[in-house]
Amino acid sequence: MTIWKLLEMLKFYARFEISEETGDPLTDHDMTQLHYTKITSLQKAAFAKFPDLRSFALANVASVDTREALYRHFGTLSQEKLRSIATYLNLVPPKEREVDENWYRLDLGFLRELLISRHERRASQLEELNEMPLYPTEEVVWNESIVPTEYFSGEGCLALPKLNLQFLTLHDYLLRNFNLFRLESTYEIRQDIEDSVSRLSPWRAEDGGVYYGGWARMAQPITQFAVVEVAKPNIGENRPSRVRADVTVNLSVRKEIKAEWENLRKHDVCFLISIKPPNTIGTKYSHKLPFVPQVGLTTVRGCEIEGMLDSNGRVIEDGPEPRPVLPGENRTYRVWLDSNQYRIDMDNASHGREDVYEGFNIIMRRKPKENNFKAVLETIRELMNTECVVPDWLHNIILGYGDPGAAQYARMPDEIAVMDFNDTFLDIDHLRASFPGYEIKVEITEEEKLVRPFRLTFEEVLCKQNNQSDRKVIMVEPHVPPSRGPYKANEPKRNQIPFTPTQVEAIRAGMQPGLTLVVGPPGTGKTDVAVQIISNLYHNFPNQRTLIVTHSNQALNQLFEKIMALDIDERHLLRLGHGEEALETEKDFSRYGRVNYVLAKRLDLLMEVQRLQESLNVKGDVAYTCETAGHFFMYQILTRWERFNGRIKQRSGSNPSPNMVSQEFPFHKFFDNAPQPLFKERSYSEDMEIAQGCFRYVERMFAQLEEFRAFELLRSGLDRSKYLLVKEAKVIAMTCTHAALKRRELVDMGFKYDNILMEESAQILEIETFIPLLLQNPQDGYNRLKRWIMIGDHHQLPPVIKNMAFQKYSNMEQSLFARFVRLGVPTVDLDGQGRARPSICNLYNWRYKKLGNLCHVERSPEYLIANAGFLFDFQLINVEDFNGVGESEPSAYFYQNLAEAEYCVAVFMYMRLLGYPADKISILTTYNGQKHLIRDVINIRCANNPLIGRPNKVTTVDKYQGQQNDYILLSLVKTRAVGHLRDVRRLVVAMSRARLGLYVFARVALFKNCFELTPAFDQLMQRPLKLHILPSEMYPAQRLNESLAASVNLLPEAVVIEDMPQMAKFVYDYYMDKVSTMKAQTHGAKQWQEPGTTGRIASPTHHISAHPGADDDTDDEDEQARIQLSDDCADEKKLSGDVEKPKPIQNLLEESTDDHSSASPEK
């Protein structure tokens, strides 16, 4: 099977749509013309030289260019005749050169295949792609040669496309990404189907039907299924234009699960499954055995939700109105089936095969976050059907050809010599320090005038444009921005960050046209640089629009919150997607939120216009609409202002009086609510500037109303939101997934943008990085994109690819950012970190070219003070086996280490008893199994204890990338083999999450011998490998954080913890001492349970991904839901009076094993 697939790939690329002479891409039309040229040359040769092929020579092309027709004409010819034809066409050398060129074959089979394959009609790859069903079927999902399992060893060859450094054409680039994205999605769907159907435990009932012994949150048995519409094909197509079906399920489940099913939205993807279980009732299922034979799965088909039907059989539309309350438990969904797949299935049924649409008995839904694969595939397919216009300066770099530095700003023909850096620099000294190697020239000598904002002229750019020798000179011109009005709120917000020289270089590169790559190690201010670039572009190019794209909603919200703190008018900010709810602001930056803001702002401005009208004693209703306000401005305000300017000019003369401006100013009464006195009457020029600022305030008010006038003419919320997106917003933010999902909608709307800034670029898939370049239609055949700024860190973890074969063999984990770096595209490397103590930074800064510390991490009090209760600010703690057990594996890849879990939780409890805030502590681990175990231990030991509670987060290192906390407890789990911490990128992320304290729990004997980890572990092992604590210190400490040598002096005072049971006993005793003085506070709390005891570690009953970044349970909302559920149960016990009264602490070694919660997240 694999060999056949590899041959298919070879055949495809041998006929790929590319010119063999120039390397230019060829369209379907070009390929058709080439085919006609080849076959007509064969016909001419047959006509001229081979009379017995006359019927072939005179036939029309369409009748002879198929493999069957060619075989009819050439299959009967002799080897000699075939060789003479091939020689005439120069496909094989003539006989006289046979001795010199003996590398070719001349046998009958080869010559016949040579002529037929060269001249047969080529199947259009695009047509095949357009007819391909986008939903995977059972034939693909469990086909190991197409979708290998995650246990891929790395040996052998697979028939999979690869993402390398270079690609033939954009079509080739998109096709490889399309195929890999489809296969990776199929693998994830396989995991979900196996998990959901296994939970249902389907058995064969006595009557031959299906009996379900379990239940699943994401799947329900189908009670009724019917295809209700098969629409006629569109002209030129052979598939139905639409296929709709009704699916009925019985939702007699818990209230919250029923609500999830009822809230399925339009376009959500579900899967229809047919099973015929071979096993009788009571048979146990094993996730270690093959899945399909166990459950008897026969069919899988995808469908898309149109909506739930009401009691009258009509689809309930999504909208602001409340959904109708439906009686009973039965719910019917109208779904769209895949038309291509339906045609294939009906063709098979007509040839005697089973009708698959009669046997569906399970419907499965998926989590919305993971269920966007169909929309992304449709977007890629759509791009392949349109002419992709990438900017000329980017085209070759994306394909991996030419000079990788050609798109750097210094090499671009339109480099800008004069730029306003706005509030980037705090003062002139900061500016001078930001450009080492440049001569800074300032023409103004008065010190009080040397204040920001600064306009910079780079003479080297002017010299380059005039073909003169380079001069490293920057001309600095401070300028005073015009006053916006007399109110405090009119003063612009200013940047307060003292950017480093490399950050300033990154900002300068981002402001210039071209491609900018910024490598940002942990804690180097990537987000601050991004925000300053956006602000500077907004002020330098007010007519340009900037698109912000990130990998996650969390990163996008962090970026957006910082943008809101800068001097950008909030009416120009827009946040698309479903993450805006998490913004830490009362303002709504979604599309409809911005529309409401504009409408509310319009009313406020019209009230101001009315106040202005009353202050001038003008009659009439001028503040009724934006249009009437515009007339009022033109005929009343402008005339008064012009009259004022005329009088001032008449009276000014050679010695204008200081109070003249105040006497003539026409809007005194309107500005009564401004800080008084409005005019200082000290000098004419100062008062004139105040008057002009006041008029600018009035003018800006009417300019905004003119912008808002369209919102009066557009009546529907949808039209208003589209206008806002296309015309009003200047800074638009979305995730890469949203861009992929909504591309067609944005393009159809006429969305336009000039600049793209991508944060977390190294975590975004190749294709999801590429799609945002093409969210707009080209203008006159050109892409209007001027800047592409990518900010990321390829030394940290790449995109999450769950399947190891796709991740490693196909290199699907390579981001476009990492590929550009590998190609040699110039980068700006940020070199000053401001997150961690210098000692902790040393654990990972060896991975970067040059990573130093910002001054505040060396001088700020919080970095100078030691960690209370700990002798060292970071430490590697050796953890040996507990009760003879180290690492355990209840199921494949579900790695756990009870000793490390208990040790981590004991140290967390110790920190809480010292007074450390819980939200400043996070517990990280490298495996999903350990994460579940630590959560279980916390639930048992301390979750509901008011003195301790839960840490800020318990999650995997992979999921915590991009986040940080003051204190990190890290469990490395493995005791037999190093595992995937061998990937240095994961080590860098693990070591760089902590600001003030890092405590690593691991089997030292294993990790110290791993070559890849040596630079970090050599430093960790310079300190004692047993935990040293100072229990007499309370948080916050007064002791200074000393060097390693100085800390040794405190060794006599420290308590050395030999192993986990000792730490558990110590915390237990320490807690009891504390409780004895705080009985009143602890009364009624959850019974304390002594750490260091083992319960039964349950094996998960469902599939757990091998990839630590792929477990769904780590998502914030899932963790919060889990915590809420636990808290709700505790509250119910309190209300019912079931809370146990405090008893003396008992040794939990006799604890019932049933008390230990399962590692399965749904239990």
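Author: Helices and strands here are DSSP runs, numbered from the N terminus; a helix is H or I with at least four residues, and a strand is E with at least two. Keep in mind that this is a predicted model.

Reader: Fine. Where is aspartate 780, then?

Author: Aspartate 780 sits in the loop between α28 (766-770) and β18 (787-792). Its phi is positive, about 55°, although aspartate 780 is not a glycine.

Reader: Buried or exposed, that aspartate 780?

Author: Exposed. Its relative accessibility is 77%, and the cut-off for exposed is over 50%.

Reader: Which residue other than glycine has a phi near 60°?

Author: Asparagine 617, again with a positive value. Asparagine 617 is in the loop between α21 (591-615) and α22 (626-652). With 62% relative accessibility, asparagine 617 counts as exposed too.

Reader: Switching to prolines. Which peptide bond at proline 453 is cis?

Author: The one from arginine 452 to proline 453, with omega near 5°. Proline 453 belongs to the loop between β10 (439-442) and β11 (454-458).

Reader: And what about proline 1036?

Author: Tyrosine 1035 and proline 1036 are joined by a cis peptide bond, omega about -5°. Proline 1036 is found in the loop between β29 (1027-1029) and α39 (1044-1047).

Reader: On to helices. At what angle do α15 and α30 cross?

Author: Roughly 85°, and the axes of α15 (residues 392-399) and α30 (residues 816-823) come within 10 Å. Angles of 65 to 115 degrees count as roughly perpendicular, so α15 and α30 are roughly perpendicular to each other.

Reader: Which residues meet there?

Author: Ile397, Ile398 and Leu399 from α15, against Arg819, Phe820 and Leu823 from α30. By class, that contact of α15 with α30 has five nonpolar residues, no polar ones and one charged.

Reader: And α6 with α7, what angle do they pack at?

Author: About 40°, with the axes of α6 (residues 79-88) and α7 (residues 108-119) 9 Å apart. That angle makes α6 oblique to α7. The crossing of α6 and α7 is left-handed.

Reader: What makes the contact?

Author: On the α6 side, Gln79, Leu82, Arg83, Ile85 and Ala86; on the α7 side, Leu108, Leu111, Arg112, Leu114 and Leu115. The contact of α6 with α7 divides into seven nonpolar, one polar and two charged residues.

Note on methods. Residues numbered from 1 in each chain as written. Predicted model: local features only at pLDDT ≥ 70, side-chain atom pairs only at ≥ 80, totals over all residues. Heavy atoms only, no water. Buried < 20%, exposed > 50% of the residue type's maximum accessible area, 1.4 Å probe, protein only. Axes fitted to C-alpha atoms, helices over the stretch in contact; angles between N-to-C directions. Parallel < 35°, antiparallel > 145°, perpendicular 65-115°, else oblique. Contact = heavy atoms within 4.5 Å. Nonpolar A, V, L, I, M, F, W, Y, C, P; charged D, E, K, R; others polar. Left-handed = near helix turned anticlockwise from the far one by under 90°.
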